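I am keeping these notes while I look through a structure, one place at a time. The sequence and the structure come first, and my entries follow.

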Amino acid sequence: MGNALLITVLAVTAPGAAGAETVTEPSDLSIGLALGSGGASGLAHIAMLQVFDDLAIRPRMIAGTSIGAVIGALYASGLSAQEIRAIFDEFGGSSLDAMSALMGDDVDLDLGKLLTFDVSNGGLIDQSAFLRFLASKTTAKTFADLEIPLKVVATDYWSGETIVLDSGDLFEAVDASMAVPGLFAPLKRDERLLIDGGTSDPLPWNQLTGCCDLIVAVDVSGSRRHSADGLAPLLEVLFNTFEIMQQSIVAEKMRHGAPDIYIKPDISGIRLLHFNRIETILEQAEPAARQLRDAIEERLHPRVSE
């Protein structure tokens with residue numbers, strides 16, 4: 001897919017007079033919104049949600065993976081894009097931001113302070129403080145409390161199967177969806193051991209098929225730039241390899257059936273845990289947000305071509 005912003009709009013047409021093509025009037029069009037995996041690059045989702053807020057449109061349903069599940073849960077609970085941005089502004093400047101320090105530039109890591117090692121638990125960083133922080137920002141604690149139906153995507157570690165969570169404890173589901181292998185501990189739920197949904201379905205627009213008239217998918221897997229020496233630091237190689245894997249899964253899914261609107265913000269220079277760089281991420285996301293606005297407005301107010 002390269003570094004370019006990509007958008008695909010599939011028109012709905014109805015036969016008209018000879019030589020004419022008429023687009024059906026979508027006044028009651030229901031929109032499904034898929035928010036993809038991508039670590040801190042996923043803060044770009046906030047710019048896309050702002051488009052929905054500005055147009056006074058509410059998705060019929062949301063499906064989210066990893067950071068897409070985090071932001072999708074907050075939005076589905078009734079928070080606005082601006083309120084979600086304020087949460088991450090606060091998070092990015094708080095003591096909880098040790099995660100960003102781990103992936104910061106020119107940081108002298110004190111692993112004893114930044115990481116909680118527990119090999120038996122399957123993770124390096126304890127994400128519970130982050131989840132408690134998010135949960136404190138909304139009154140929604142279960143899927144039943146949400147204003148917009150939400151599907152959270154995780155992966156069964158044992159079988160590799162994609163698992164869709166849409167009932168029960170909301171932030172337990174988010175915990176499972178964002179459990180990046182080797183970084184955050186997997187979540188044991190019933191007989192399953194759940195890990196990051198990005199390992200099996202990083203952009204879950206297929207979970208919305210048949211539920212909505214129009215499916216919008218936002219791919220925040222980011223991009224990589226060549227370094228001057230052609231080399232990459234160890235941590236970048238580790239986490240960007242996960243990014244490459246997700247991009248390959250999305251590319252294969254696209255070959256079998258694309259969403260109605262596909263948006264890929266050109267986010268670069270952002271590492272997995274750069275949550276403290278929200279300003280830069282949202283600036284980079286602006287061109288994609290404008291493209292999304294144009295695409296949705298075209299579907300809501302279609303032109304008739306003759």
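Leaving aside its neighbours within four places in sequence, which residues is serine 221 in contact with? I note before answering that I am working with a predicted model. I looked up the contacts and found Ser37, Gly38, Glu243, Gln247 and Lys264, once the neighbours within four places in sequence are left aside.

**Entry on serine 221**

Is serine 221 buried or exposed? I read a relative accessibility of 5% for serine 221, and because buried means under 20%, I wrote down that serine 221 counts as buried. For its side chain I recorded a polar contact of 2.8 Å with the side chain of aspartate 219, and another polar contact, of 3.4 Å, with the side chain of glutamine 247. Glutamine 247 had already come up in my list of contacts for serine 221.

**Entry on salt bridges**

How many salt bridges does the structure hold? I noted 9 salt bridges, and I followed some of them one by one.

I began with glutamate 147, which forms a salt bridge with arginine 58, and the closest N and O atoms of this pair are 3.6 Å apart. The pair links distant parts of the chain, since I found glutamate 147 in the loop between helix 6 (128-135) and strand 6 (150-156), and arginine 58 in the loop between helix 1 (45-54) and strand 5 (61-65), 89 residues apart. Glutamate 147 has a relative accessibility of 49%, so I marked it as partly exposed.

Next I looked up glutamate 279, which forms a salt bridge with arginine 85, with the closest N and O atoms 2.9 Å apart. Because glutamate 279 lies in helix 9 (residues 278-300) and arginine 85 in helix 3 (residues 81-92), this pair ties together parts that are 194 residues apart in sequence. I marked glutamate 279 as partly exposed at 45% relative accessibility, and arginine 85 as partly exposed at 24%.

I also followed the salt bridge in which the side chains of lysine 137 and glutamate 90 meet, at 2.9 Å from N to O. Here lysine 137 is in the loop between helix 6 and strand 6 while glutamate 90 is in helix 3, 47 residues apart. Lysine 137 is partly exposed, with a relative accessible area of 29%, and glutamate 90 is partly exposed too, with 40%.

How values were computed:
Residues are numbered from 1 along each chain as its sequence is written. This is a predicted model: local features need pLDDT of at least 70, side-chain atom pairs count only at pLDDT 80 or more; totals for chains, interfaces and linings use all residues. Side-chain values use heavy atoms; hydrogens and water are left out. Buried means under 20% relative accessible area, exposed over 50%, partly exposed in between (1.4 Å probe, protein chains only). A polar contact is a pair of N or O atoms within 3.5 Å; within protein, one must be able to donate a hydrogen and the other to accept it, and residues adjacent in sequence count only if both atoms are side-chain atoms. Contact means heavy atoms within 4.5 Å. A salt bridge is a side-chain nitrogen of Lys or Arg within 4 Å of a carboxyl oxygen of Asp or Glu. Helices (H or I, at least four residues) and strands (E, at least two) are DSSP runs, numbered from the N terminus.
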